[in-house]
Amino acid sequence: MKVARSWLATFVDLPESNDVLRETLDDLGLVVEGVEVVGDGLDDVVVARVESISAIPGADRVRLVSAWAGGEPLDIVCGAMNFAVGDLVPLAPVGAVLPGGFEIARRTMRGVVSNGMLCSGRELGLGDDHSGLLILDPSLTPGDHLTNALGISPDVIFDLSIEGNRPDAWSVAGVARDLATRLNRPWRDVALASGTSSVTTASVANAGIDDPDLCGRLTVSYLRGVRVGPSPTWVTRRLEGAGMRSINNVVDASNFVMLELGQPTHPYDASRVAGRTLRARRAREGETLVTLDGVTRTLARVGRGLGDTGEDCVIVDGDDQVLGLAGIMGGASSEIDASTTEVLLEAAYFEPMAIARSSKRHGLRSEASSRFERGVDPELALRAAARFVEILRASVPELEWLGEPLDVRGSTPTPSSVVVRRGDVARLLGEELADVEVTRLLEGLGFGVRAVTEGLEVVAPSSRPDVRAGARGRADVIEEIARLHGYRRLPRRTPTWPQPGGLTIRQRERRVLRDVVVDLGVLEVWTPTLGSDEDFDLLRRDRPRVRVTNPLAADESVLRATMVTGILSAWARNVERGLGDVALGEFGVVFRHPDDEGALARETRGGEGGRTSLKLPFENERLTVVLGRSGDDATRALRLWSSIAGRLNLDDVVLNEQAPLPPGWHPTRSATIEDARTHAVLGYVGEADPDLVDHALGGNVERRVAMLDVDLDVLLDPTRATRRSEFTMIPSRYPSAMMDLALVAPDALSAHELARVLREASPLVEEVRLFDVYRGAGLASGSRSLAFAIRLSAIDRTLSEEEVTEARQALLDSAATRGAVLR
């Protein structure tokens, strides 16, 4: 939003320095994105009258113009086409220097000498229009300096970036009010029209609201004796400084009020409005409107709630014919033109989201819609109408404003009320401000402030719909106090914490796990979380699946339930390219449907009402490794797992070959990894199902693929995956005794369990290590031979032969209790 310094100065006395003013605006949150100086460098430009226009042979885009500014007429070559003989235009003679340092020199074009330049508004820094020359008021005198003729003095335009949650600042008055409060200077209000006619508006016009949820307030004023013509120069200058072009005095007055006060208004030619009636209602499906930009727009009403993005709010006349798209743009049928003598002026409040949705649906944004969709002050309408009349009377002194404008109410927001308790400001800002200063700052913005027992009761003005109620509203109010007091004035402190930040135990162990996997030659990969139904059905056909409703690709909408298929596919693509000797691993999340057997369904909170019955998918973090190198088999996968278990200090972890395996694993060369104490399943180790490998490779290659799949939610939970104690045994200084025992044990007794029994058989046992397993001749069915290497030692002595013998017998006795006998 562009705001002229001179316009701000009509409300508040400003600092002399533009740099100070810019810094103040920035500190208030009204960020200055650009500063432009206008009206400077125009001392040499004069008013000239066009005496003649003639063609230049061989040139179809430029003409020879004779311009008179006193003295001899000057021949000037000009490319503009929007003027005629007798028009007054700005002339920059040879030697003049225009804004930006552009010096006018005598030039020859098409063999014709040009003795100066006729100027557009943009070339003079008086607007953005560069489509043609700046046509001046015919009452001006040729030869006068342009600055004197137009009453131009140098001015500064600030281009402000206003946040969407500050609807009050989308006006010159709103910006000036912030400055007045910050600078602690008086704020001057604008002049409003008075002296309405004794004839009441209700006697000649009507107004109504059919849908109060869309239109919260509709005011209609009736003006007679209107003369459409040019606006006063000061009005035109301020509009052009704000980036708007002048149209006529009626339309300009409407735009002026919108920029100055933030209230959009819309003037209708009363003679073209049936029954002199304005009414707000929902559009009906299929209605059309030709808007002021000449476009025919099809209106819609889909449903009855504001959640329906197709509904429009419209203004209709007494015959129920659509006159305008409410809050966005009026219709061409009631447009103001040179014949207009009576005006119906609409000033209203529309529901912000209704305007935002209609604006987006029609692809039509206007200055009015930008303000309405942020929230216009619902109490501003009649003040805006009075200001409109005051501006228009500058060019139409005899204008008659009928008394008692129509004012129909619908649903409007109720201003929020919060209590700022004693100490709240200090707790949030780190500095205590006196109640007197807090009251001054808030009242400067129009807040109502009253002392109560707890502190200060603050009522937000109707112009601040962004201030909420309750605890959140208290924070909003304190934010306003901080903004007006000045963030730079608040004391700076370095935040402190009772405990320094750092990684959690789980995060540290996950990093250790990643280091182990990478150190062992596994390449970390990422595979898509979303896949197709075909991918899901490879291992979990006919099982419920988690599907996203808005996938990037329609055929990839299912969240993966395992990473095995994705990593196998990645490995297979490497095989196709001759790079299959790789080990690939991924740390990622898999998803289980809440209705899937074994999945954990979770409830989610439903706002203030507590819990709802909505079930969320179960998310599980896992590590999956595919070992596809030549020679990789279940043994290689087991070694990888043993390295992980050692680095994480796991204890009592066993492999259960009898436990059921998930789909995709080799039925006889895979096992479940379990914690012997908690019986928690940590994952699976072994080889991939040959059919799955065959599918991945397309049946072209036969090879074994080893796999390891670990549940990190269990593995990294000390309550479910048992860890060994942290102390380190001091090695004995004395010689140890070594013995090997080959024990025949039933298949039901795991090697891990038997090793544990042997370790606990005697306090002299230092290490028990399985080094051989034998099945075959000489052994009974259902049993196998387990050979253990056992180390015995004592911390304070060399073991005697008798002690070794006793320890050996204790080992055999303990093994016998579990059905294992010496081979």
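Let's start at Asp168, which is buried at a relative accessible area of 14%, where buried means under 20% relative accessible area, exposed over 50% and partly exposed in between (1.4 Å probe, protein chains only). This is a predicted model, so local features need pLDDT of at least 70 and side-chain atom pairs count only at pLDDT 80 or more, while totals for chains, interfaces and linings use all residues. Residues are numbered from 1 along each chain as its sequence is written, and side-chain values use heavy atoms, with hydrogens and water left out.

Asp168 has a partner: its side chain meets that of Arg166 in a salt bridge, 2.8 Å from N to O. A salt bridge here is a side-chain nitrogen of Lys or Arg within 4 Å of a carboxyl oxygen of Asp or Glu. Arg166 is buried too, with a relative accessible area of 7%.

Another one joins Arg474 and Asp424, whose closest N and O atoms are 3.4 Å apart. Arg474 sits in helix 12 (residues 470-485) and Asp424 in helix 10 (residues 424-429), so this pair ties together parts that are 50 residues apart in sequence. Helices (H or I, at least four residues) and strands (E, at least two) are DSSP runs, numbered from the N terminus. Both Arg474 and Asp424 are buried.

For a local pairing, look at helix 19 (residues 751-759), where Arg756 and Glu753 lie three residues apart, about one turn of the helix. Their side chains meet in a salt bridge at 2.4 Å, N to O. Arg756 counts as partly exposed at 23% relative accessibility, whereas Glu753 counts as buried at 17%.

Now over to Glu379, in the loop between helix 8 (367-372) and helix 9 (381-392). Glu379 is partly exposed, with a relative accessible area of 39%. Setting aside neighbours within four places in sequence, Glu379 is in contact (heavy atoms within 4.5 Å) with Arg217, Arg409 and Ser462.

Asp535 is partly exposed, at a relative accessible area of 39%. The buried residues of this helix are Phe536, Asp537, Leu539 and Arg540. Their cover includes strand 31 (558-559), helix 15 (564-576), strand 32 (583-592) and helix 17 (690-697). After helix 14 comes Asp542, with a positive phi near 65°.
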